[in-house]
Amino acid sequence: MTTILVVDDSRLARDMVSSAIASLQPGWTILTAVSGDDALAKLGTAAEAPVAAVVDYNMPGMDGLTLANHLRERYPGMPIGILTANVQDALRKKAEALGCRFLPKPITTDKIRGFLSDSGV
């Protein structure tokens, strides 16, 4: 079983990302969460580690970069994509400094395909 983590406070965005992943990798399990805290709680009880994560930057409470830091501690080599409509260079540089891929919104299946392909998952 291959699991990927999708974290976004927007149900529409979670559904779009999940749908894109399901169309590309129909056999994968998609673990969704509505916030960073929700993601960390669900990972604590997950049967297996995710192979990658797609995380929204702008969420209430813990932002996507803070969550990425937590994910790096647990899964050091896991590819992480940071989704955001904020295309400022400063944010891009912060994401890249964490070893994360910057995924500008709106999300498309091609962007998810590129992220997964470039990540080798």
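**View 1. Helix 1 passes helix 5 in a right-handed crossing.** A crossing is called right-handed if the near helix is turned clockwise from the far one by less than a right angle, and left-handed if anticlockwise. Helices (H or I, at least four residues) and strands (E, at least two) are DSSP runs, numbered from the N terminus. Here helix 1 (residues 11–24) meets helix 5 (residues 109–119) at an angle of about 60°, with the axes 9 Å apart. Axes are lines fitted to C-alpha atoms, for helices over the stretch in contact, and angles run from 0 to 180 degrees between N-to-C directions. Helix 1 brings Val17, Ala20, Ile21, Ser23 and Leu24 to the contact, while helix 5 brings Thr109, Ile112, Arg113 and Leu116; contact means heavy atoms within 4.5 Å.

This is a predicted model, in which local features need pLDDT of at least 70 and side-chain atom pairs count only at pLDDT 80 or more, whereas totals for chains, interfaces and linings use all residues. Residues are numbered from 1 along each chain as its sequence is written, and side-chain values use heavy atoms, with hydrogens and water left out.

**View 2. Ile112, Gly114, Phe115 and Leu116 are the buried residues of helix 5.** Buried means under 20% relative accessible area, against over 50% for exposed and in between for partly exposed (1.4 Å probe, protein chains only). These buried residues pack against helix 1 and against strands 1, 3, 4 and 5. Take a look just past the end of helix 5 as well, where Gly120 has a positive phi of about 75°.

**View 3. Five strands form an open sheet in the order 2-1-3-4-5, with parallel pairing.** Two strands pair if DSSP finds at least two bridges between them. Strand 2 (29–33) and strand 5 are the edges, each pairing on one side only. From one strand to the next, the twist averages 20°. Zoom in on strand 3 (residues 52–56) and strand 4 (residues 80–84) to find four bridges joining the two, with Ala53 partnered by Ile80 of strand 4.

**View 4. Helix 1 and helix 2 lie across strands of the sheet.** Helix 1 lies across strand 1 (3–7), strand 2, strand 3 and strand 4, and runs at about 170° to strand 2. Helix 2 (residues 36–45) lies across strand 1 and strand 2, running at about 135° to strand 2.

**View 5. A cis peptide bond links Lys105 to Pro106.** Its omega is near 5°. Pro106 sits in the loop between strand 5 (101–104) and helix 5. For context, most peptide bonds are trans.
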